[in-house]
Amino acid sequence: MKMPTVKYQKGDTVMGRWPGSSLYYQVKVLGFDSKSQLYTVIYKDGTELELKEQDIKSVTGFQTRSRSRSRSRSPARRRSRSRSPARTTRRSSSRTAAAVAATAITESTPSSRRDTRLKDTVEVRLSPVEQTKAAENSSNNKHEKKEENNTASKVIEKSEAKVEAESEKNQGPYNLRRRKADGDAKPAEAKPDQPEKKAKEAAAPSTIPSAPLDFGGKMGAYFWLLFLPAWVLFVILQGNLTDPSLINAPPPLPPLDTFWDAQALCFVILWILFQALLYILPVGKLSEGMPLRSGVRLKYRTNGFFAIMVSAIVVAVAVHQGADLTYIHSHFLQLATATFIISVLLSIYLYVRSRYAASEELALGGNSGNVVYDFFKGRELNPRIKNFDLKFFCEMRPGLIGWCLINFAMALAEMKKHNLDAPSYAMILVNLFQLLYVVDGLWNEEAILTTMDLMHDGFGFMLAFGDLVWVPFTYTLQAYYLVLHPNALSLPAVIAIVTLKLIGFYIFRKSNSEKNAFRRNPSNPKLSHLKTIPTATGKSLLVSGWWGVVRHPNYLGDLIMALAWSLPCGFSHLLPWYYMIYFIILLVHRDSRDMSECRRKYGSAWDEYCRTVRYRIIPRVY
């Protein structure tokens with residue numbers, strides 16, 4: 001049987017069309033599938049795609065066509081120098097042109113290497129003459145004498161009308177921005193006659209393409225906006241029942257006036273303001289975050305450990321002066337309602353202010369164009385009031401430290417209700433375990449700057465509600481449950497649970513420390529023993545230490561600790577095991593998000609990583 005002729009061979013450097021657009025990029029042929037008749041190619045940023053033969057052109061053909069077009073049209077372009085009708089259009093779309101230039105050209109190079117890199121510059125299929133004639137006339141006046149130094153601008157000016165016409169179509173399954181990690185992006189250079197402000201604008205697209213929708217997309221956003229507050233209400237009411245069995249009928253709704261308590265609202269507002277005051281104090285380290293798309297690194301005041309220590313002292317003094325913290329248990333529903341109201345108001349403020357934010361300040365995931373989805377997911381990546389970072393503050397302060405305060409109040413409520421001189425073993429374990437978790441997070445507060453929440457997710461209802469309501473009013477469910485449903489533990493059971501907790505904590509802390517140190521400085525001599533897999537983005541994937549055992553050892557440690565938190569409550573009811581069940585669902589979803597994002601970012605290197613580290617969260621024991 002005669003084999004089909006393959007026009008391009010493995011290893012050939014050709015020009016490949018980006019799917020859904022008219023943009024051609026230099027790619028390398030990796031192989032040809034005779035069955036599907038598709039070529040597998042790899043772009044310079046490591047992205048691998050399968051292209052049809054008609055979507056691939058030879059590099060030589062592009063260079064020849066570019067030179068011939070430049071010669072044939074140069075007289076007309078010279079004549080249009082004085083009164084080009086497209087100058088107004090050119091000025092009005094300068095930001096769009098600069099933005100697309102930043103996405104179409106893979107990276108800017110120093111002038112000393114420009115000549116050698118010109119051949120790597122992308123070529124663009126021209127739009128119909130009616131659409132691009134004016135743009136072509138205008139563009140060449142600027143660049144005729146500086147063709148090599150301004151190749152990116154020339155390419156964009158030829159194609160901006162076509163790209164603008166196709167922009168919405170291209171924002172679907174394809175992302176035309178540079179696919180290196182956000183932190184690798186560099187601001188575009190300013191032209192000699194361009195103001196500094198426009199140079200900053202050129203660092204990011206004027207309209208950011210949205211990432212794929214999470215959490216069920218637009219319809220999922222409606223569901224979560226209704227379900228999350230309803231679930232918090234359900235677990236609070238269920239935990240207050242004498243028999244909180246989930247097979248029973250749902251608890252009846254109390255009268256509406258029982259949800260509201262002005263004193264509870266004042267208490268929540270004072271708590272948030274107190275934490276905000278501790279946050280802005282010039283105490284602690286001023287840490288740099290990861291680079292944004294613009295190349296900027298924001299600074300964060302990481303004094304969370306100081307905040308929890310001061311909070312503990314203030315609470316101890318208040319209890320010594322006669323403050324009754326059991327109020328938190330008896331008004332748990334009202335406090336949750338007040339915090340929910342504040343989270344909604346904060347989410348509305350965040351969405352409104354995001355409408356006026358610059359494009360480079362928006363998160364890719366919350367820029368879908370759908371109001372409800374963007375309100376839920378969050379549009380602005382790092383909303384700040386001067387130097388006060390709202391997302392970072394809410395992530396680490398009022399909810400997380402409030403979690404410990406609520407647990408302590410539940411221990412006092414248990415003692416009061418059952419006339420105890422000290423809390424039960426179960427209550428002590430829950431308080432100590434979760435206090436250790438929070439204190440460790442605040443001691444290593446800088447590590448959160450490398451997490452998905454800070455680096456990628458916008459700040460909207462999802463994080464505002466999660467930080468202020470979900471964490472303090474559902475993560476405290478074990479302590480809340482034990483107030484009315486005590487569970488006696490033997491000394492051997494206590495020792496076994498403590499051992500399990502310490503194992504989980506060790507895995508969690510050790511793996512997170514490895515990840516954070518490697519992300520911040522991969523060339524650190526202390527990390528030279530770690531094995532890595534290089535990627536086309538210039539970064540490396542860690543396949544050593546705990547990250548060589550499973551792909552998410554930090555998730556594994558988290559799950560073991562979650563098990564240790566639930567065991568003190570016994571097995572009489574499923575409700576105190578809610579956190580364990582919820583955490584499994586959360587981590588599976590996060591693992592899925594990580595997998596799709598890393599495969600998109602690292603291409604074939606990620607496939608090699610998955611072959612090297614086979615197990616995702618739970619290692620196989622032989």
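Colleague: What makes G216 exposed?

Modeller: The relative accessible area of G216 is 63%. Exposed means over 50%, buried under 20% and partly exposed in between, with a 1.4 Å probe and protein chains only; G216 is therefore exposed. The residue lies in the loop between α7 (196-201) and α8 (217-239). From G216 to Y373 the C-alpha distance is 9.8 Å, although 157 residues separate the two in sequence.

Colleague: What kind of model is this, and which conventions apply?

Modeller: The model is predicted: local features need pLDDT of at least 70 and side-chain atom pairs count only at pLDDT 80 or more, whereas totals for chains, interfaces and linings use all residues. Residues are numbered from 1 along each chain as its sequence is written, and side-chain values use heavy atoms, with hydrogens and water left out.

Colleague: How many helices and strands are there in the protein?

Modeller: The protein has 23 helices and 12 strands. Of the 622 residues, 51% are buried.

Colleague: Why is α21 described as largely enclosed by the rest of the structure?

Modeller: Of its 14 residues, 13 are buried, so α21 is largely enclosed. Its length also agrees with expectation: helix α21 (residues 553-566) should span 20 Å at 1.5 Å a residue, and its end C-alpha atoms are 20 Å apart. The expected span is 1.5 Å times one less than the number of residues.

Colleague: What do the same tests give for α15?

Modeller: The 21 residues of α15 reach 30 Å from first C-alpha to last, close to the 30 Å expected. Because 15 of the 21 residues are buried, α15 is largely enclosed by the rest of the structure.

Colleague: Which residue follows α15, and what is its phi?

Modeller: N419 follows α15, with a positive phi near 55°. N419 is not a glycine, and it is found in the loop between α15 (398-418) and α16 (425-443). Most residues other than glycine have a negative phi. The relative accessibility of N419 is 69%, so it counts as exposed.

Colleague: What is the phi of K386, and where is that residue found?

Modeller: K386 has a positive phi near 60° and is not a glycine. It is found in the loop between β9 (384-385) and β10 (388-389). At 78% relative accessibility, K386 therefore counts as exposed.

Colleague: Which residues make the nonpolar surface patch?

Modeller: W260, I341, L345, I348, V352 and Y356 make a patch of about 650 Å². Patch residues have over 30% relative accessible area and no salt bridge; nonpolar side chains (Val, Leu, Ile, Met, Phe, Trp, Tyr) are joined within 5 Å, like charges within 9 Å. A salt bridge is a side-chain nitrogen of Lys or Arg within 4 Å of a carboxyl oxygen of Asp or Glu. Areas come from the Shrake-Rupley method with a 1.4 Å probe; for residues, only the protein chains shown count as cover. L345 belongs to helix α12 (residues 332-354), and its relative accessible area is 54%, so L345 is exposed.

Colleague: How do you know that contacts in the protein join residues 24 or more positions apart?

Modeller: Contact means heavy atoms within 4.5 Å. Among contacts with a separation of 6 or more, 75% are between residues 24 or more positions apart.

Definitions and conventions:
Helix = DSSP H or I, 4+ residues; strand = E, 2+ residues; numbered from the N terminus.
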